[in-house]
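Here are my notes on the model you asked me to look over.

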Amino acid sequence: MLIEQLDNPVWAALTSGNVNLAIGNHIARYYAPGVSAFAAVAENNFTHFKALMDLKPWSETIAVFTTDKNLNAHPWTIVNRIDGYQMMYEGATPEEQRQITITKLSDEDVPAMLELTKLSPPGPFMEKTIRFGGYEGIFEDKQLVAMAGHRFHCGPYVEISAVCTHPVHTGKGYARALINSHIRQLRAAGKIPYLHVRADNTRAINLYQALGFVVRTEMIIYVLTGSDII
């Protein structure tokens, strides 16, 4: 897979590493219900967006990733726009640090994961989001206080996602430890880590840059609805 395909990362994932979670056809796809609210089209044009709308009579909103700064998603209506960056990892493989205990998360941990994402929202997170795989967490007194996992699997590129820390436990290096754990695992598997971050999340951007991530491109999330806005 060419890195340029990450300009449309959701489509790249839904047609490669996340194909098992995909619903749709050759020009429009979306993630299975309960996994993610993201959808994608092969090309940003009316025919493809109409095909996406025809796949399912959406009553809820969906979201698409794109580098297009002036997206025309007709017949969908754009209800929100979130500007951000796509960052690629170009640093050295971090050494393992044993001071912080990291635990693999399973379906049994989903209630705790959902509770954590309410306190420190990392973006859309649902009951079946764990199916993306790779989720790890840090516990204190049996409470999940930090986690991170994977989301878009695009050929050799794997996105690190859902990085969040309980507000009471920030500043302890938990996010750094979790991200470094994922970097080590992905590098060992011959994969290339990358991630997305909101443009206004200066704290996270500074952390990612300190870890070895560099901005590849601007990336915009558009939130769409199939309903008419009056």
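The points below start with the overall chain, then turn to pockets, cavities and backbone.

1. First, a reminder that this is a predicted model. The chain carries five helices and 11 strands. Its C-alpha trace spans about 55 × 35 × 30 Å along the principal axes.

2. How does the radius of gyration fit a compact globule? For 230 residues such a globule would come out near 17 Å, and the chain has 17 Å, so the two agree. Buried residues account for 47% of the 230 residues. Take the contacts between residues at least 6 apart in sequence: 70% of them join residues at least 24 apart. The accessible surface is about 11,300 Å², with 50% of it belonging to carbon and sulfur atoms.

3. Now the empty space. Rolling a probe the size of a water molecule over the atoms shows where such space is left. The largest pocket has a volume of about 1,000 Å³, and 43 residues line it. Nearest its centre you'll find Pro122, Val163, Asn201, Ala204 and Tyr208.

4. Which elements give two or more residues to the lining of the largest pocket? On the strand side they are S4 (62-66), S5 (77-89), S9 (157-165), S10 (192-198) and S11 (213-225), and on the helix side H4 (174-188) and H5 (202-211). S9 gives the largest share, with seven residues. By class, the lining of this pocket has 24 nonpolar, 12 polar and seven charged residues.

5. The second largest pocket holds about 200 Å³ of space. Its lining includes Pro94, Glu95, Glu96, Gln97 and Arg98, and also Ile100, Thr101 and Ile102. Ala177, Asn180, Ser181 and Arg184 line this pocket too. The lining splits into four nonpolar, four polar and four charged residues.

6. How many cavities of 30 Å³ or more does the structure hold? There are two. The largest cavity has about 80 Å³ of space. It is lined by 13 residues, and Pro124, Phe125, Thr129, Arg151 and Ser161 are the closest to its centre. In that lining, eight residues are nonpolar, four are polar and one is charged.

7. The second largest cavity comes to about 40 Å³. Asn8, Ala39, Ala40, Val41, Asn44, Val64, Phe65 and Thr66 line it. The lining has five nonpolar and three polar residues, and no charged ones. S4 also turned up in the lining of the largest pocket.

8. On to the backbone. Most residues other than glycine have a negative phi, and most peptide bonds are trans. Against that background, look at the bond joining histidine 74 and proline 75: it is cis, with omega at about 15°. Proline 75 sits in the loop between S4 and S5.

9. Aspartate 141 counts as exposed because its relative accessibility is 79%. Lysine 142, with a relative accessible area of 82%, is therefore exposed too.

Terms used: Residues are numbered from 1 along each chain as its sequence is written. This is a predicted model: local features need pLDDT of at least 70, side-chain atom pairs count only at pLDDT 80 or more; totals for chains, interfaces and linings use all residues. Side-chain values use heavy atoms; hydrogens and water are left out. On a 1 Å grid over the protein atoms alone, a cavity is a set of points where a 1.4 Å probe fits but cannot get out, and a pocket is an open set with protein on both sides within 12 Å along at least five of seven lines; lining residues have an atom within 4 Å of a point. Grid points are joined across faces, edges and corners, and a volume is the space filled by probe spheres set on the points. Helices (H or I, at least four residues) and strands (E, at least two) are DSSP runs, numbered from the N terminus. Ala, Val, Leu, Ile, Met, Phe, Trp, Tyr, Cys and Pro count as nonpolar, Asp, Glu, Lys and Arg as charged, and the others, Gly among them, as polar. The radius of gyration is taken over C-alpha atoms; the globule rule is 2.2 Å times the number of residues to the power 0.38. Buried means under 20% relative accessible area, exposed over 50%, partly exposed in between (1.4 Å probe, protein chains only). Contact means heavy atoms within 4.5 Å. Accessible areas come from the Shrake-Rupley method with a 1.4 Å probe; for residues, only the protein chains shown count as cover.
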